[in-house]
Amino acid sequence: MTTLELLSAYADERFTRAATRRDSGQPVVGYVGADVPRELIEAAGFLPLRLAPTVVGSSAEADAILGPGVDEATRLVLAGILEGRYPIDALVLCHDSEHTVRLYTSLRALARLEPARPLPPLHFFDLLHLPRATTAAYNLARIGELAGQLSAWAGRSIADPQIGEAIALANQNRRLVTRLDALRREGRVTGVRFLGAVAAGTAMPAAEHNELLTRVLAGPLSPLAEPVRRVFMLGSAHPSPVVYDALESQGALVVGEDHSWGAPLADGLVDETQSPLEGLSERYHRGSAVALAHDPAGRAARAAREAVAAGADVCVAWLRKGDEALAWRLPGERAALSSSGLPLVVLRHQALRVDAQASRELVEAVLQR
Amino acid sequence: MSARGVRRLESAAEALRYQRAWFAELQQEVAGGMPLVLADADAPHEVFRAMGIPYIVNQWWASICAAKQCAPRYLGLLRDRGYPDDFDQYSAISLGSALESDLAQAPWGGLPDIALFVTQLWTDGHRQIAEAWNRERGVPTFAFEKAVDTSLPERWWEHIADDWEEVVGTARLDLMTAELRELIALLESMTGRTFDEERFEAILALANEQQEWSRKARDLIACTAPAPLDIVDSIPAVMVPQWHRGTEWGRDAARRFYDEVAAAAAGGEAACPDERIRLMWIGRGLWFNLGFYQHFQERYGAVFVWSMYLAIAADGYRRYGGEPLRSLAARFAAFADFLGMPGWADGWYVKEARSHGVQGVVHLISPESRSSYFTTRALEEAGIPVLEIDANNADARTWDEAAFVGRIERFIEARVVQR
């Protein structure tokens, strides 16, 4: 098995792997949303575990609690939490989207209504994104609170040097993922493998992930067959590679994306010359592509730039049911892309689970234009 | 049934006449160069009023478009420009109306030119909609953050007027107060007008007075059976003055409404003399068909005695004490929580249902609502049956009148009458 295949396999069974670590004595803090600073969780001595949907069992209760206005991925995460399927000791949620906010507020209400229900201890990290000093000040206080809560869970204070060390490892991780992304653009790594590598990194310590990525980058990575289309993905996040696989199994290559389970996750280093909490606050507030997702015009411009840089010849806005807010971006994205000469294929109301028909429609829309 | 419903109260009719006249005058002022703000319902309008800057409430204009059956057309105009016509319609219809090229089709002569769009980011769509105003009409925007506090205050409605610092939370208040100062600076720069502190304090005092009258009206309706009026009257009677909050007219309109309710109660007048069932409508008003609410009176003696509009005026707006700008932040930093946050809203709806003697609830679910499940659950656990309806309050395209009437009738027969 190649290291890339190993990373994909790890991603596929990440919650089982995390459970094994937890059983061996490693405490785990789960988190939902890309705004949660993993490095702070690691500095506190926990394994940070980003929650993603598992498709085992029914989500009927979660669907009823959250309602159809929340996307299926989040409802499945709630179902997993309610059934205790994630091996976590505590859970941090953030304000990266309304879906995550509603997940938090529902869990909080359930914990109050049903105190006997086994739910993890919760913390809400209310990081906000307007590009103003008022928001920056608010965020800095919130990150201090998060550090305090993690310290309380850990039973010890988290010192600046520990946070600094975790930041350094996380920054190195971002550099390595970015280099892997460059290899993808060169046609040496598939989008499926790239997503798998990124997902694996959300479920293991940064140092371990760095070692594996370094091994991948040491090569050799042979060029892939010339793709029939080079696709850049916009729109909903992809916690699993199933949509990428539908395209790449038909000869396409997904060369980039602007969602928070892909390359944007590695964008933007934490400034290590600042105090750790200030550096983290700034990076997560405005200093990354994920943060930029909250700025519609900025996001559209960045997506166009990255799509061109990745050598894409088509962009796909794939919007899951429940992610209708993203549809408001489409005119801006279309305008930014058209000035770069890139066509945009829009697929709305998509399901999380891509069945055979959805796969055919996707391929037809993207590859057979 | 009549889409407008049958209105009985003079105060409701007078409010609507006032609003028309005000709007006509506003159109002339804007045509003469007056800068006009379009603001979301939960944006702090008092700041504009203190600076003599007129504003239109985004969702009020959407309700007018819906009432005039224009919302589908405006949503279609958005769709033609590549925007979704099936998400956040209530907040987006105004933008659609601004794309209207045929003013003869526009309600009340159409939306005047907007100089600034002000919003609070309580859904993922709000910032996108603000960006769309800029892209389509060159309208700059100012957005307030919608911060989430981690506390769940008990019975917030008993404490919010005076202990707002504790109920809302210092962090949120610090943030919104700072944002208010930024907004004021922006407005001063844009318009050349100055924020008048003395006028502002007078506006806050008038707004508090206005809501006290609403509170008296709400309390009287709650304890009077049969109810002297239904929500077809109370909604316009309270909401039009709400958009003129902080004026003497607004305060006086709220007092006139109370006086009329009191006179009707004293005289034994009733929306439905044969009242047998008291119903509660949770959710936004069905602007394109207010007559719907009166449909169930004849057959069942079922009266919608409660909507959130009068109740939130009574419980959600009053703020006393403290630094004035901070007290304004306290009015709005948690506003969406009162109506739609699990742990905040559900207890309030139960309290209101009990105080009004409500026997059944029709709960309009919107995709943006954070608390629908918890609200329905709290009411059902309190012994009050709930019918959930999944529909959009401003977009009539998917409204199936016969189906919804049938559902409510079956609900009344099976779960309310049989209690």
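A salt bridge here is a side-chain nitrogen of Lys or Arg within 4 Å of a carboxyl oxygen of Asp or Glu. The views below come from a predicted model, in which local features need pLDDT of at least 70, side-chain atom pairs count only at pLDDT 80 or more, and totals for chains, interfaces and linings use all residues. Residues are numbered from 1 along each chain as its sequence is written, chains are lettered from A in the order in which they are written, and side-chain values use heavy atoms, with hydrogens and water left out.

**View 1. A salt bridge links B:Glu182 to A:Arg132.** The closest N and O atoms of this pair are 3.9 Å apart. Across the interface of chain A and chain B, the rule finds five salt bridges.

**View 2. Chain A meets chain B.** In contact (heavy atoms within 4.5 Å) are 43 residues of chain A and 49 residues of chain B. The two chains bury about 3,900 Å² between them. Buried area is the accessible area (1.4 Å probe) that two parts lose on being put together, summed over both. Carbon and sulfur atoms carry 58% of the total. A:Arg108, A:Arg112 and A:Trp328 supply 21% of what chain A buries against chain B, more than any other three residues. The model scores ipTM 0.95 and pTM 0.96. Chain B averages a pLDDT (the predictor's confidence in each residue, from 0 to 100) of 94, and 99% of its residues score at least 70.

**View 3. An open sheet of four strands in chain A.** The order is β6-β5-β7-β8, with parallel pairing. Strands (E, at least two residues) and helices (H or I, at least four) are DSSP runs, numbered from the N terminus. Two strands pair if DSSP finds at least two bridges between them. At the edges, β6 (253-257) and β8 (344-350) of chain A each pair on one side only. Neighbouring strands are turned by 30° against each other on average, direction ignored. Axes are lines fitted to C-alpha atoms, for helices over the stretch in contact; angles run from 0 to 180 degrees between N-to-C directions. Helix α8 (160-185) of chain A lies across β5 (230-235) and β6, at about 140° to β6(A).

**View 4. Strand β7 beside β8 in chain A.** Five bridges join β7 (314-320) to β8(A). A:Val316 stands opposite A:Val345.

**View 5. A:Cys94 in strand β3 (90-94) of chain A.** A:Cys94 is buried, at 0% relative accessible area. Buried means under 20%, exposed over 50%, partly exposed in between (1.4 Å probe, protein chains only). Its contacts beyond four places in sequence include A:Val32, A:Asp35, A:Thr100 and A:Phe124.
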